[in-house]
Amino acid sequence: MTTNSSYYSKRPTTEDFRLELLPPSLFRDASVLDIGCNEGWITCQIAQSKGARKVVGVDIDDTLIRDAWKRRRTVWSTQKPSRTSTDDKDTASHDEPSRKKRKVERNTDLENTDGELEESGLDPEYFPSSCEHMFGPLPIPPKGAADTAFPHNVVFHTADWVTSDIPEDIEGYDVVVAFSVSKWIHLNGGDEGLMRFFRRVYAVLNRGGAFVFEPQEWDGYHKAKRMDPLLKEIGNRLQLRPENFERILTKMGFSSPEHLGRPGEGGFKRPIDLYRKPL
Ligand SMILES: C[S@@+](CC[C@H](N)C(=O)[O-])C[C@H]1O[C@@H](n2cnc3c(N)ncnc32)[C@H](O)[C@@H]1O
């Protein structure tokens, strides 16, 4: 299995431009699955600042999942300490805010521009990351009432999600995110593996749920095939092409997608498509 560590050294380090394209209300109070979450950067962003109730990141590579748990703590460590109802004396702390307060923070965040984030109380980059290097990460607070707020609203699992279930699948999700993972699933599992992946996404989505899909383009498959003889062998037998995916997904029952744009640069300039499972 060929995977991607240090992926985010090639990706932007602040708000991911792919998330910026999505409707602001998409994640609000949603349960979200991030397939191929890598080191959990996007997963943590969705959990921290997009108002999601629960976010599950899954990746086939256990090393990446261990890094994702660390990422959660790093993200928590740079976040502005929350003010509790008793902090009029400037006793800001990293204690969990009340569920009500955090909900206000999250919703305000969704509606405001970046400049107003500070005012809402949610400032993801309040402490410089050098603090963690100098003093270590801040401890994760005990789970309290606010387990639908970051950092308690995010979990990670190691699994080949195409072939194995994870515990949260059974409850279903409101949003499934699959950014830049279809090429790897396609090259490792062939056309059959890709079709299984699409069917699984459809099955785990709740009615009315959204599938946010960023497929890699066919041109990019060649580079991956050069990296590994097995991928080359499977790749040479593929019949399906990324340009067929829309037809396959709509035939499966998804609505016609909203094409939200092609952000990114160079090899990362890929379509972001939003499919809906009918109500
Ligand atoms: C190119 S990275 C994309 C990371 C992230 N989604 C993003 O776009 O920022 C692809 C990730 O998918 C993971 N992956 C590949 N096949 C998978 C599978 N069958 N199940 C779960 N994760 C998989 C890889 O380990 C890798 O971390």
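1. How many bridges join strand β5 to β7, and do the two run parallel or antiparallel? In this predicted model, strand β5, which spans residues 205–214, is joined to β7 by four bridges, and the two strands run antiparallel. Within that pairing, V212 has L274 of β7 as its bridge partner.

2. Strand β7 also pairs with β6, the strand formed by residues 258–261, and here three bridges hold the antiparallel arrangement.

3. The buried set comprises W41, I42, T43, C44, Q45, I46, A47, Q48 and S49. After α2 comes G51, which has a positive phi, near 80°.

4. Turning to the ligand, 20 residues surround it, and the closest are Y8, R18, G36, D59 and F179. Sorted by class, this shell contains 12 nonpolar residues, together with five polar and three charged ones.

5. Several individual atom pairs between protein and ligand deserve a look. The side chain of D59 places an N or O atom 2.6 Å from an oxygen atom of the ligand, while a backbone N or O atom of G36 lies 2.7 Å from a ligand nitrogen. A polar backbone atom of I60 is 3.2 Å from a nitrogen atom of the ligand. Taken alone, the ligand would expose 600 Å², and the protein buries 98% of that area.

6. For the chain as a whole, the model contains 10 helices and seven strands, and 53% of the 279 residues are buried. Among contacts with a separation of 6 or more, 75% are between residues 24 or more positions apart. The accessible surface of the chain is about 13,600 Å², and carbon and sulfur atoms account for 50% of it.

How values were computed:
Residues numbered from 1 in each chain as written. Predicted model: local features only at pLDDT ≥ 70, side-chain atom pairs only at ≥ 80, totals over all residues. Heavy atoms only, no water. Near = heavy atom within 4 Å. Polar contact = N/O pair within 3.5 Å; in protein donor to acceptor, adjacent residues only side chain to side chain. Areas by Shrake-Rupley, 256 points an atom, 1.4 Å probe, with all protein chains shown as cover. Nonpolar A, V, L, I, M, F, W, Y, C, P; charged D, E, K, R; others polar. Buried < 20%, exposed > 50% of the residue type's maximum accessible area, 1.4 Å probe, protein only. Contact = heavy atoms within 4.5 Å. Pairing = 2+ DSSP bridges.
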